[in-house]
Amino acid sequence: MSQRIKTLFDVQILAFYTQRNNKYMVELKKPKGSSLIPYKITNGKIYVFLQQRTKNAPRYPGFLGLFGGSAKNEENTEDTLIREIDEELKYIPKKHILFGEYYYDGFYPLSAFIEKIDENFQDRVTVCEGDGGLFICLDDLNNYSITPVNLIVLRDFHSRQLEFLKNTK
């Protein structure tokens with residue numbers, strides 16, 4: 001039997017009551033999340049397009065973060081990605097690949113996807129959440145306030161950027 005017990009940071013948390021060894025246990029199930037790292041290569045450097053969170057956002061106000069969000073119902077991670085990016089950027093990812101799965105401090109598991117984009121990407125999208133979007137160079141991550149889980153993902157991407165630069169030549 002399950003019932004919704006709380007909504008925390010807009011993430012539905014379900015409680016599952018199971019009987020083990022004559023005791024009732026509570027297990028929490030959190031939906032998965034999906035995010036997109038749109039990136040371009042300019043003058044041999046990788047730039048990523050990030051969301052500028054609003055100054056009054058409930059979590060990490062004014063920080064930069066990836067576009068994306070949590071699954072609804074029984075969505076898989078790819079369906080979540082496509083729905084979230086369409087909602088937030090009015091863009092449908094078509095050439096995305098799964099970059100990695102990340103777990104951070106009790107938040108839902110995050111599936112990070114990457115997609116190489118062209119120089120005109122920013123002109124073709126409409127940012128519908130936050131205070132807009134901007135490109136930052138992966139080499140400059142330490143110069144920005146980035147949400148913690150997204151910073152982990154972006155540092156991982158930065159550490160592996162040579163394989164992406166090599167594959168573009």
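Here is a friendly conversation about how the features of this predicted model are named and judged.

Me: What should I know before I start reading?

Reply: Residues are numbered from 1 along each chain as its sequence is written. This is a predicted model, where local features need pLDDT of at least 70 and side-chain atom pairs count only at pLDDT 80 or more, while totals for chains, interfaces and linings use all residues; side-chain values use heavy atoms, with hydrogens and water left out.

Me: What makes up the protein chain, in helices and strands?

Reply: The protein chain has four helices and 10 strands. Helices are DSSP runs of H or I with at least four residues, strands are runs of E with at least two, and both are numbered from the N terminus. Read from that end, the order is β-β-β-β-β-β-β-α-β-β-α-β-α-α.

Me: Why is Thr-80 called buried?

Reply: Buried means under 20% relative accessible area, exposed means over 50%, and partly exposed lies in between (1.4 Å probe, protein chains only). Thr-80 has 0% relative accessibility, so Thr-80 counts as buried. You will find Thr-80 in helix H1, residues 77-89. Across the protein chain, buried residues make up 43% of the 169 residues.

Me: Which residues does Thr-80 touch, beyond its neighbours within four places in sequence?

Reply: Contact means heavy atoms within 4.5 Å. With those neighbours left aside, Thr-80 is in contact with Ser-34, Gly-69, Ser-70, Ala-71 and Glu-75.

Me: Why is His-158 called partly exposed?

Reply: The relative accessible area of His-158 is 28%, and therefore His-158 is partly exposed. His-158 sits in helix H3, residues 148-159. Not counting residues up to four places away in sequence, His-158 touches Leu-138, Asp-139 and Leu-141. The C-alpha atoms of His-158 and Leu-138 are separated by 5.8 Å, though these residues are 20 apart along the chain.

Me: How do you know that Lys-32 and Glu-101 form a salt bridge?

Reply: A salt bridge is a side-chain nitrogen of Lys or Arg within 4 Å of a carboxyl oxygen of Asp or Glu. For Lys-32 and Glu-101, the closest N and O atoms are 3.6 Å apart, and the pair forms a salt bridge. This pair links distant parts of the chain, 69 residues apart: Lys-32 is in the loop between strand S3 (23-29) and strand S4 (33-42), and Glu-101 is in strand S8 (residues 97-102). Lys-32 is partly exposed, with a relative accessible area of 37%, and Glu-101 is partly exposed as well, at 32%. By this rule, the count comes to eight salt bridges.

Me: What separates Glu-87 and Arg-83 in helix H1?

Reply: Glu-87 and Arg-83 are four residues apart in helix H1, so about one helical turn separates them. Salt bridges that share partners join Glu-75, Arg-83, Glu-84 and Glu-87 into one network. In the bridge between Glu-87 and Arg-83, the closest N and O atoms are 3.3 Å apart. Arg-83 also meets Glu-84 in a salt bridge, at 3.0 Å from N to O. Arg-83 counts as buried because its relative accessibility is 17%, whereas Glu-87 is partly exposed, with a relative accessible area of 32%.

Me: How many disulfides are there?

Reply: A disulfide is a pair of cysteine sulfur atoms within 2.5 Å, and by this rule the count comes to zero. Cys-128 counts as partly exposed, at 40% relative accessibility. Cys-137 counts as buried, at 5%.

Me: What makes up the largest nonpolar core?

Reply: A nonpolar core is a set of buried Ala, Val, Leu, Ile, Met, Phe, Trp, Tyr and Cys residues joined through side-chain atoms within 4.5 Å. The largest has 23 residues, and those touching the most other members are Ile-37, Ile-46, Val-48, Leu-50, Ile-146, Leu-154 and Phe-157. H3 gives the most to this core, with five residues. A second, separate core of 12 residues includes Phe-49, Phe-67, Leu-81 and Val-125.

Me: Which residues is Val-48 in contact with, leaving aside its neighbours within four places in sequence?

Reply: Among them are Ile-37, Leu-154 and Phe-157, along with Leu-134, Phe-135 and Ile-136.
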